[in-house]
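Me: I would like to go through this structure with you. Could we begin with charges and rings, and then turn to the helices?

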Amino acid sequence: GDDARQGWYCRKNFKNHFVFQVPKDYYNDESDLCKKKCIKFYSSRAQKIYSVNPDLLHILPNNAEFLPYANVEVQKISPVYNQLQKQNLRIGHAPTNQKVKGTKFIIDAINSLRSEGFFVDLVLIENVSNIKAKKLLSDVHIVIDQLFAGWYGGVAVEAMSMGKPVISYIRHEDCFHIPKEMFQELPIISANHKNIKLVLKSLLEIEKLDLLKIAKKSRLFAEKWHCPLKIAKRIKHDLDIAWRTL
C-alpha cells in the first residue's frame, strides 16, 4: 500500500482517490521521492516483486506481479450466514483511517436512508481488540471496506471468509493487472463516495435470499483466491525458478 503509493501519481491519474480527502502533507514530495528510491533499490536486487494492490503496479517495475492477500486462514474461519435474519440490516465498517476509507460518506448515507424510513444500522468497528472486532464482523450482515482506494483490503478478505457481502470501490482500469478469472468471479459490490447511498438502498430493497447468495459466493471466492497455502505454493514455485536462474 502506502509503502509504495505516491501522491503525485494518484493526483494526476485518479479522479476518485483518497489523496483528495487526506491532509495535504499525507503525501508530499519528500516521501514520494523516498518511495521512488526504495522501489529502485529493491528492483535492482530482487528477482521478483509482488503487490497486493493493483494500483501500485502502475508505478512498480514492469516485472512486478499482483498477489492476492493471504492475511487470514480462510478454512479455519466458520462462515456466519445471517442475511435471512428478520431485523434491521446491520452494516459493518472497520476503518483504519476514516478519511482514507471514506467513513464520513458512509455515515451520511446511512443516516439519510434511516431518515427516509429504511431499517439499517451502522456498526463502526474501531479502537477495539482483535477478538472484539471479529465478533462484531461476524454479527453484521454486510461489510463496507472503502470508497476511494480502488481495491479491497485485508478486512474485506476476513469479512468474505465469514460469509459477508462486501462493498468496496473497485477501480476497473487497475484490474487488467489481476488474473482475468479472478476479476470475472469478483463478488465485491463496487461503490464510491458519490453512489454509496444508492448502492446501499439497492441492497436494502433486494430479496434477503439474494443477499445470502452474494454472501456464499463471497466465501467461495475467499477460499479460492485468498487461501494462504495456495499463495505460499505460488511464491515457492517462483522462488524455485529464481534459484535455478542464479
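**Charges, rings and packing**

Reply: The charged end of Lys 216 sits over the ring of Tyr 81, 5.7 Å from its centre. A charge sits over a ring if NZ of Lys or CZ of Arg is within 6 Å of the ring centre and within 35 degrees of the ring normal. The model is a predicted one: local features need pLDDT of at least 70, side-chain atom pairs count only at pLDDT 80 or more, and totals for chains, interfaces and linings use all residues. Residues are numbered from 1 along each chain as its sequence is written, and side-chain values use heavy atoms, with hydrogens and water left out.

Me: Which charged end sits over the ring of Phe 14?

Reply: That of Arg 171, at 3.9 Å from the ring centre. Phe 14 is also linked by ring pairs to Trp 8 and Tyr 9 in a cluster.

Me: How many aromatic pairs are there in the whole structure?

Reply: A search finds ten. Rings of Phe, Tyr and Trp (its six-membered ring) pair if their centres lie within 6.5 Å; planes under 30 degrees apart count as stacked, over 60 as edge-to-face and the rest as tilted. Phe 18 and Tyr 26 form an edge-to-face pair, 6.3 Å centre to centre with 80° between the planes.

Me: Why is the pair of Phe 66 and Trp 151 edge-to-face?

Reply: Because the ring centres of Phe 66 and Trp 151 are 5.8 Å apart and their planes are at 90°. Phe 66 lies in strand E2 (residues 65-66) and Trp 151 in the loop between strand E5 (142-144) and H6, so the pair ties together parts that are 85 residues apart in sequence. Helices (H or I, at least four residues) and strands (E, at least two) are DSSP runs, numbered from the N terminus. Both Phe 66 and Trp 151 are buried.

Me: Now the helices. At what angle do H6 and H9 pack?

Reply: Helix H6 (residues 154-161) and helix H9 (residues 208-225) pack at about 115°, and their axes are 7 Å apart. Axes are lines fitted to C-alpha atoms, for helices over the stretch in contact, and angles run from 0 to 180 degrees between N-to-C directions.

Me: Which residues meet there?

Reply: From H6, Val 157, Met 160 and Ser 161 meet Ser 218, Arg 219, Phe 221 and Ala 222 of H9. Contact means heavy atoms within 4.5 Å.

Me: What does Pro 187 touch?

Reply: Not counting residues up to four places away in sequence, Pro 187 touches Met 160, Val 166, Ile 214, Lys 217, Ser 218 and Phe 221. Pro 187 is placed in the loop between helix H7 (180-185) and helix H8 (196-205), and is buried, with a relative accessible area of 7%.

Me: And where does Leu 113 lie?

Reply: In helix H4 (residues 103-115). Leu 113 is buried, with a relative accessible area of 0%. Its contacts include Phe 118, Val 120 and Leu 200, when residues up to four places away in sequence are not counted.

Me: Which residues of H5 are buried?

Reply: In helix H5 (residues 130-139), Ala 133, Leu 136, Leu 137 and Ser 138 are buried. Their cover includes strand E4 (120-124), E5 and H6.

Note on methods
Buried < 20%, exposed > 50% of the residue type's maximum accessible area, 1.4 Å probe, protein only.
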